Amino acid sequence: MTRSSKHLENIPSPQVEALFRNLILRAINFKKVAEDILSQYKQPIEIDQSSQIVERILEKFPAVVNEINRRYNNRPPFEIKDEYDVQDLLRGLLRLYFDDVRDEEWTPSYAGGSARMDFLLKPEQTVIEVKMVRRGLTQKQIREQLIIDKAYYKNHPDCKKLYCFIYDPEGKIKNPRGFERDLSEKVNDFETKVLVVPRI
């Protein structure tokens with residue numbers, strides 16, 4: 001057998017070529033169908049993961065405050081005096097994980113007024129409202145503020161989950177776990193979760 005005849009034996013017949021083309025097309029189509037199916041489940045997984053990240057950041061916030069106050073050579077501490085200090089530190093922690101962190105977004109009008117939300121994670125449809133327990137702000141007042149906040153935020157098109165983050169470094173809220181349970185709820189597609197830290 002000559003070299004040219006051996007070469008001809010390696011050339012696939014039209015039927016074999018058609019079979020290969022058909023297999024390749026079916027594989028491409030299968031890949032597309034599989035990606036379409038998986039994409040339907042992608043968003044809920046991401047939202048669930050974002051909730052875990054947000055809750056981890058909020059729960060560990062007091063530990064971060066303690067660490068940044070352990071300064072080298074007796075340097076002045078990074079004091080957390082009010083809600084603005086809490087917001088500044090929390091913004092930095094959120095940006096470690098989320099690219100789109102918006103602050104001071106306006107809520108839609110409710111009862112003739114509107115409010116500025118502290119943080120909006122727009123892709124995750126999550127809002128974080130910050131409170132710091134301080135002199136002159138009672139537990140009753142915080143409860144009343146959170147009830148009003150919930151009414152505003154549930155009307156925002158980009159808010160499906162509201163975190164009410166209450167930083168209570170002196171432990172002034174009595175029965176914090178009960179306080180959380182009383183104000184946390186899920187109504188239809190809007191969820192409110194209240195977190196009081198430190199979690200003593």
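Select Leu-90 to begin: leaving aside residues up to four places away in sequence, Leu-90 touches Ile-57, Leu-58, Phe-61, Phe-119, Ile-128, Val-130 and Phe-165, where contact means heavy atoms within 4.5 Å. This is a predicted model, in which local features need pLDDT of at least 70, side-chain atom pairs count only at pLDDT 80 or more, and totals for chains, interfaces and linings use all residues. Residues are numbered from 1 along each chain as its sequence is written, and side-chain values use heavy atoms, with hydrogens and water left out.

Next, select Phe-61, Val-86, Leu-90, Leu-94, Ile-128, Phe-165 and Tyr-167, which touch the most other members of the largest nonpolar core, a group of 23 residues. Such a core is a set of buried Ala, Val, Leu, Ile, Met, Phe, Trp, Tyr and Cys residues joined through side-chain atoms within 4.5 Å; buried means under 20% relative accessible area (1.4 Å probe, protein chains only). A second, separate core has 18 residues, including Leu-137, Ile-142, Ile-173 and Phe-190.

Now select Glu-83, Val-86, Gln-87, Leu-89, Leu-90, Leu-93 and Leu-94, the buried residues of α3; helices are DSSP runs (H or I, at least four residues), numbered from the N terminus. At the start of α3, a side-chain oxygen of Asp-82 lies within 3.1 Å of the backbone nitrogen of Tyr-84.

Finally, select Cys-159 and Cys-164. Cys-159 is buried at 2% relative accessible area, and Cys-164 is buried at 1%.

How values were computed:
Buried < 20%, exposed > 50% of the residue type's maximum accessible area, 1.4 Å probe, protein only. Helix = DSSP H or I, 4+ residues; strand = E, 2+ residues; numbered from the N terminus. Polar contact = N/O pair within 3.5 Å; in protein donor to acceptor, adjacent residues only side chain to side chain.
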